[in-house]
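Student: I've never looked at this one before. Could you walk me through it?

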Amino acid sequence: MIVASSDPLLTNSAQQAVGERWVLKVSSDAAQVAALYRVGPAVIVMDDSVLSEHDRSDVLRKVRMRSPQSSLIYVAAEHSDEYERWARAIGVNYYTSKPIETARFVSVLTSFLEHRAGERGSSTSPLAEPEGMKAFVMTELNHVAFLDKPIPEAGPNDAVIKTTRALICTSDSHTVRGAIGPRSNLTLGHEAVGIVHKVGAEVKLFKPGDRVVVGAITPDWGDPASQAGHPSQSGAALGGWKFANTKDGVFAQYFHVNDADANMALIPETVSDDHAVYCCDMMSTGFMAAENADIPIGGTVAVFALGPVGLMAVAGAKLRGAAVVIGVESVPARQELARRYGADFIVDHSSTDPVKRVMEITDHNGVDAAIEALGANETFQDAIRVTKPGGVISNVGYHGHGGFVNIPRVEWGVGMAEKTIRTGLCPGGRLRMRRLLQLLERKRIDPTPMTTHRFSFGEIERAFSIMDHKLDGIIKPLITFN
Ligand SMILES: [Zn+2]
């Protein structure tokens, strides 16, 4: 990052954004910046207080010409519409004016840096397009490895994305263990954001270079199930789940997206990749659990298991207006995070009977809604037990084992207590992703405290093993690509 400014607020913000990952150069002589730096992809911040009025246009044009691949950020001393139009006409990528709100400015700078870093890696030479890529695959049941694969091609409605961030999910482990049957050399992963590498001729809303989030679930929107309002079930039960199921997933340097216009969303410039990647699955699924639970404002909710989906269900329940949220979990770090996301009570099922405790907390009324976020027969039954007559049991757990999931007959009101069981698979789609991104943009939620570990793509095997065995207090491991 190059900063032309003598304002300590700006240079300190730049320093914060750069951290230890990038290099910062500061100069108070804007003309020197324009003259000296003929740089590749960089982020250049120009403070207009170091520009004199008569050569302002000249300097800016020079910077734009010499560093066409750089992102240019312009900070006006005070705002005027005319000034903003002038800056944008010259090719400024981001215009803002003083006074600067530091936290917001740092996050803008960070997202520009990450965007640039992603683009810089998009091809090693401007002349030669890379042909192959590394992918992290399930070679067969219980075995994973790196494999060289060709970069996918985009059909007319498709896109190919260059991956910048991905999250490992517990369901990736389920898959390797055989929950959906055997697979051969299937690329794993379904939670990723990236930069558009290629689009098909029919794609209208996206172009190469766009920073996008892709839903973990990528339905066929023309399918009757989608048209009936169940896109996650397009084609077949769970048919919207394609990544690392019926096609290669996202743990690769590039990945393919069907129905690109419908399945991707542009990431706003103030939202970082590290945040946006939580939209793919964790926020979408956890919030769906709360939406399906039909929580009345001021209602009571119990969430069984506080992994990342359970944590987002807690946050979702709060956003939906629950007055009392009870989390059932034994791991202290998860309990702690649940409190942060709004849990009012934590029930430790390892030391107390969770049904008894939830009934005590609710004065023996039971909860309006219970969310099952584990995928175990026992917690599913407990969810039915604690739900009051007329209430909703919202299942998001992935029941990956056994032949049956049982319903406790008596607590189910022998089939007549008007308890509704709802199930769902992570919703995908541009509208859904766009709404989730708006929550991030407006800072209604911060999912990043769930990122307990970070690994480069080259280290993904180790990350996978730690996640698989739930070692080291792991909640979500973030994989970074370059
Ligand atoms: Zn997932």
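Predicted model: local features only at pLDDT ≥ 70, side-chain atom pairs only at ≥ 80, totals over all residues.

Student: Where do Cys 169 and His 190 sit in the chain, and how many residues apart are they?

Tutor: Cys 169 is in the loop between strand S8 and helix H6. His 190 is in the loop between strand S9 and strand S10. The pair links distant parts of the chain, and the spacing is 21 residues.

Student: Is Cys 169 buried or exposed?

Tutor: The cut-off for buried is under 20% relative accessible area. Cys 169 comes in at 8%, so it counts as buried. His 190, with 4%, is also buried.

Student: Which element gives the most residues to the largest nonpolar core?

Tutor: That core has 55 residues, and Val 213, Met 283 and Tyr 341 are among those with the most contacts inside it. Elements giving two or more residues to the core include strand S14, helix H11 and helix H15. The top contributor, with eight residues, is helix H10.

Student: How many residues are in the second, separate core?

Tutor: Ala 159, Val 212, Val 257 and Met 264 are included in that core. Its count is 31 residues.

Student: Which residues are closest to the centre of the largest pocket?

Tutor: The pocket has a volume of about 1100 Å³. Helices H6, H10, H11 and H14 each supply at least two residues of its lining. Of the 47 lining residues, the closest to the centre are Ala 373, Leu 374, Val 396, Gly 397 and Tyr 398.

Student: How many of the ten residues of H14 are buried?

Tutor: Helix H14 is mostly covered, and what covers its buried residues includes strand S14, helix H13 and strand S17. Phe 380, Ile 384 and Val 386 are among the buried ones.

Conventions:
Residues numbered from 1 in each chain as written. Heavy atoms only, no water. Core = buried A, V, L, I, M, F, W, Y, C linked by side-chain atoms within 4.5 Å. Buried < 20%, exposed > 50% of the residue type's maximum accessible area, 1.4 Å probe, protein only. Helix = DSSP H or I, 4+ residues; strand = E, 2+ residues; numbered from the N terminus. 1 Å grid on protein atoms, 1.4 Å probe; cavity = no way out; pocket = protein on both sides within 12 Å on 5 of 7 lines; lining within 4 Å. Points joined across faces, edges and corners; volume = space filled by probe spheres on them. Contact = heavy atoms within 4.5 Å.
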